[in-house]
Amino acid sequence: MDVRALILIGGRSETPGYERMGGVPFALLDVLGEPVIGRVLKHLERVGVISASVVSEVDPATAPLARGSLRPDLKWTHDEGPQFWRAAEVAFSDLAQTGAELILVVRIGPYAELDYEELIQCHLDRHNRVSSACDSDGNPLDAYVITASRRNDAAFLFRHELREFRDDPIQCKLHGYVNRLENAADFRRLALDAFGGKASFKPIGTEIKPGVWTGEGAHIHKSARVLAPAFLGAHSRVRAMSVLTRGTVVEHHSLIDCGTVIENSSILPQTSIGAALDVAHSVVGLRRIANLRRKVEVEIVDEKLISTVSSAPIRALSSALGLVMYLPRVFARGLISKDSDAQPATLPEAINAHSAALKSTKLEDGAPAQREFSPNLIAARRYGNE
Amino acid sequence: METSRPVIVMRVPERVNLKQARSFLREVKPLLVADRPQVVFDLSQVKQLDVTGVDMLLHCMAEAAKRDGDVKLAALSPQSAVVLELTRTDRLFEIYETSTDAVRSFSSFMPNVLKQFYPHVHQGADAIAFPSQPAANPAALEDEEAA
């Protein structure tokens with residue numbers, strides 16, 4: 001029997017950040033080295049569904065997908081708003097016309113590791129036009145099997161955004177791991193569930209020590225600490241004195257700068273995290289940070305904090321240009337500038353010195369601070385009218 | 001315990017980048033050079049805060065501290081809260097839900113940070129029972145090590 005898949009990405013826009021981050025659906029974002037849609041397609045391949053079409057609300061070129069993670073033979077269509085469902089209808093017709101007998105419609109949306117063979121068998125046994133998968137509580141999982149010749153049933157379903165059926169559908173209860181992927185917290189939980197073995201997929205990379213996986217070309221500075229479980233994607237870099245802990249995920253081509261602590265967070269592909277920052281309980285990427293404790297998603301415009309790593313040719317050009325500009329500048333500075341400020345030699349001097357960041361914004365008249373307290377006093381505060 | 005010195009509440013602008021931070025600092029400067037300045041920054045309107053803005057807040061705190069005053073933050077917007085947490089500066093300031101709470105805190109004896117460790121004191125007990133062991137005394141520690 002010829003069974004093909006129609007994957008729908010998006011199609012729900014109840015609230016602005018629903019099922020997406022920074023405008024990119026979670027289905028197109030990497031989890032432990034591979035995008036969610038890639039993992040769904042692999043799961044379908046295991047049950048023999050090889051041919052698939054994808055209809056997406058977002059152009060996949062806008063998402064920083066892992067290189068080569070998706071099959072090149074996939075037929076992609078992208079359309080927004082009401083046209084999305086029209087495109088789904090057209091894609092269904094195309095699959096039916098090219099000889100498919102059954103079409104498995106999966107919306108991501110939710111990530112579900114279901115036994116699709118069981119769903120197809122359930123559909124065939126009951127001779128229905130449309131069968132719907134639901135979890136053990138009867139909640140729909142946005143996975144359907146539709147007989148390819150029943151285009152009107154499919155069209156009705158798509159025109160009602162998978163919420164209404166032309167006839168009463170058969171609901172097949174399936175068991176397996178399900179993550180609704182409604183928000184950043186669900187997205188983060190998917191990675192943790194994979195680390196914990198609840199979800200069946202594994203990180204893409206080599207396990208360099210128990211619970212720590214690294215992709216090809218990942219580089220960890222010898223003074224950085226990476227505590228298991230953790231994942232570092234291909235060509236990611238962790239610089240000196242950084243700490244990665246509590247299930248941190250750093251996707252491909254990302255950079256963690258010196259002294260930054262990443263705790264219980266996911267760093268999306270091609271994201272650069274600045275130096276000496278504290279990223280905790282967050283999903284970071286696409287110049288945004290979704291804080292899971294505060295339940296907010298915030299755009300970060302300051303590139304010293306969070307920025308996007310550009311593609312390899314632009315990076316190489318930028319590095320070369322930077323070097324060309326840097327050497328003459330240093331040479332000229334060495335010739336004409338005065339001696340730099342002397343570094344404090346002792347700890348008390350260093351404590352009393354102005355910080356580099358504040359040196360230009362002095363409000364003082366220049367009078368040196370008088371030591372009026374005993375050397376044993378660490379801090380003093382006054383409140384009220386003493 | 002009441003205070004006769006004024007507490008000044010300043011609303012931080014919506015965007016705090018280099019230009020805005022400088023102009024805001026010019027506005028705040030006269031307040032910070034007073035004796036023991038008591039300033040509250042209301043960050044409820046802040047939509048965009050960058051490193052310069054954080055630096056500006058730290059600078060204000062440093063200047064106030066030099067004159068034995070204090071700068072407190074109130075009504076943090078989600079954007080400002082996330083950036084302060086990211087840059088580890090949230091732990092340096094006393095932060096309050098509202099400007100009113102922040103203003104009131106200047107006239108209370110204990111700073112907000114201590115109240116969570118000594119809730120019984122905050123509830124109205126007159127006698128303050130601090131732990132018998134001092135938190136840190138470098139001289140005593142040195143003596144112990146020498147012994």
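In the predicted model described here, A:V284 sits opposite A:I289 of strand β28 in chain A. Helices (H or I, at least four residues) and strands (E, at least two) are DSSP runs, numbered from the N terminus. Four-bridge pairing is what links the two strands here: β27(A) and β28(A) are joined by 4 bridges and run antiparallel. Pairing of two strands requires that DSSP finds at least two bridges between them. The β27(A)–β28(A) unit is a hairpin with 2 residues between the strands, and A:L286 in the turn has a positive phi of about 55°. On the other pairing, β24(A) and β27(A) run in the parallel sense over 2 bridges, with A:I267 standing opposite A:V284.

As for side chains, those of a regular strand alternate between the two faces of the sheet. In β27(A), A:S282 and A:V284 point one way, while A:V283 and A:G285 point the other way, and all are buried. Buried means that 20 or more other C-beta atoms lie within 10 Å of the residue's own; a residue is exposed with 12 or fewer and partly exposed in between, with C-beta atoms placed from the backbone.

These strands belong to an open sheet of 8 strands with mixed pairing, in the order β14-β15-β18-β21-β24-β27-β28-β29 (chain A). Its edge strands are β14 (206–209) and β29 (296–299) of chain A, each pairing on one side only.

Helix α5 (residues 184–196) of chain A lies across β21 (248–250), β24 (266–267), β27 (282–285), β28 (288–291) and β29 of chain A, at about 95° to β27(A). From chain B, helix α3 (residues 78–86) lies across β28 and β29 of chain A, at about 80° to β29(A). Axes are lines fitted to C-alpha atoms, for helices over the stretch in contact, and angles run from 0 to 180 degrees between N-to-C directions. Contact between two residues means that their C-beta atoms, placed from the backbone, lie within 7 Å.

Chain A also has an open sheet of 7 strands, ordered β7-β6-β1-β8-β11-β10-β12, again with mixed pairing. β7 (75–78) and β12 (170–173) of chain A stand at the edges with a single partner strand each, so one side of each is left without a neighbour in the sheet. Neighbouring strands are turned by 20° against each other on average, direction ignored. Within this sheet, strand β1 (residues 3–9) and strand β6 (residues 52–56) of chain A run parallel over 5 bridges, and A:L8 has A:V55 as its bridge partner in β6(A). Helix α2 (residues 82–97) of chain A lies across β1, β6, β7 and β8 (102–108) of chain A, at about 170° to β6(A).

Turning to chain B, there are 7 helices and 6 strands, and buried residues make up 34% of its 147 residues. In helix α2 (residues 51–66) of chain B, the buried residues include B:V54, B:L57 and B:M61. The buried residues of α2(B) pack against β2 (15–16), α1 (18–32), β3 (38–42), β4 (48–49), β5 (70–74) and α3 of chain B. After α2(B) comes B:D68, with a positive phi near 65°.

Residues are numbered from 1 along each chain as its sequence is written, and chains are lettered from A and ligands numbered from 1 in the order in which they are written. Because the model is predicted, local features need pLDDT of at least 70 and side-chain atom pairs count only at pLDDT 80 or more, while totals for chains, interfaces and linings use all residues.
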